[in-house]
Amino acid sequence: MTLKISHRLDVRDRPAFLHRLMVELAGNALLSLEGNLSQCRFTDDVVISHDEMRTLKRNTLAPKQDFVVLRLTPETVDPIFKQVMAAGLKHAIIHVQIERNGVPELGAYDNFQPECVVTGPGISPVLLDELKKSNVLRDFKVAEPKQ
């Protein structure tokens with residue numbers, strides 16, 4: 001039996017980190033963005049919903065932010081990422097989540113603040129160590145299991 005371990009991260013390079021995880025998780029995956037998405041132009045075939053679904057929930061109750069759930073496939077990674085960068089990860093996009101096969105694999109909250117970024121069981125410590133060695137991450141640690 002494989003243990004399902006999650007990690008808490010301290011992200012140094014938000015764009016590089018997000019792009020790498022998008023590539024890594026693309027497939028049977030969904031990505032949600034929450035914040036000021038007025039600069040984003042997503043094609044209709046990529047947008048799944050503007051409402052919460054499955055494990056992808058809003059994280060800011062007030063003031064209500066823009067929210068979108070997008071189909072994350074190898075073909076949609078670059079067009080989505082281009083729009084994310086147009087809006088900006090520093091201030092405009094507050095929360096980013098990715099689920100794959102119904103399992104939460106990335107939660108990056110409060111503009112990627114340390115201790116507010118967590119990965120799911122599909123993200124290996126080997127990948128995180130690689131990202132740390134390339135200065136995309138400052139550090140990571142095993143997350144305490146939820147009670």
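This is a short talk on the fold, surface and selected residues of one predicted protein model.

Ground rules, briefly. The model is predicted, so local features need pLDDT of at least 70, side-chain atom pairs count only at pLDDT 80 or more, and totals for chains, interfaces and linings use all residues. Numbering starts from 1 along each chain as its sequence is written, and side-chain values use heavy atoms, with hydrogens and water left out.

Start with the fold. The protein chain has three helices and eight strands. These are DSSP runs, numbered from the N terminus: helices are H or I with at least four residues, strands are E with at least two. In sequence order the pattern reads β-α-β-β-β-α-β-β-β-α-β.

Next, overall dimensions. The C-alpha trace spans about 40 × 35 × 30 Å along its principal axes.

How much of the chain is buried? Buried residues make up 44% of the 147. Buried means under 20% relative accessible area, exposed means over 50%, and partly exposed is in between, with a 1.4 Å probe and protein chains only.

Contacts now. A contact means heavy atoms within 4.5 Å. Among contacts with a separation of 6 or more, 69% join residues 24 or more positions apart.

Charges next. There are 19 positive and 19 negative charges, and their mean positions are 2 Å apart. Lys and Arg count as positive, Asp and Glu as negative; His and the chain ends are not counted. Each charge is placed at NZ of Lys, CZ of Arg, CG of Asp or CD of Glu.

Cysteines. The structure holds zero disulfides, a disulfide being a pair of cysteine sulfur atoms within 2.5 Å. C40 has a relative accessible area of 8%, so it is buried. C116 is at 23%, so it counts as partly exposed.

Now the backbone. Where is the cis peptide bond that joins A62 and P63? P63 sits in the loop between β3 (47–49) and β4 (66–72). Omega for the A62–P63 bond is about -10°.

Two non-glycine residues with positive phi deserve a look. N101 has a phi of about 55°. N101 lies in the loop between β5 (93–100) and β6 (103–108), and it is exposed because its relative accessible area is 54%. D110 has a phi of about 50°. D110 belongs to the loop between β6 and β7 (117–119). Its relative accessible area is 38%, so D110 is partly exposed.

K90 is in the loop between α2 (77–87) and β5. At 56% relative accessibility, K90 is exposed. Not counting residues up to four places away in sequence, K90 touches R14 and N111. K90 and P15 are 75 residues apart in sequence, with 9.5 Å between their C-alpha atoms.

S32 is in strand β2 (residues 29–35). Relative accessibility is 1%, so S32 counts as buried. Under that sequence cut-off of four places, S32 touches L56, F67, V68, V69, H95, V96 and Q97.
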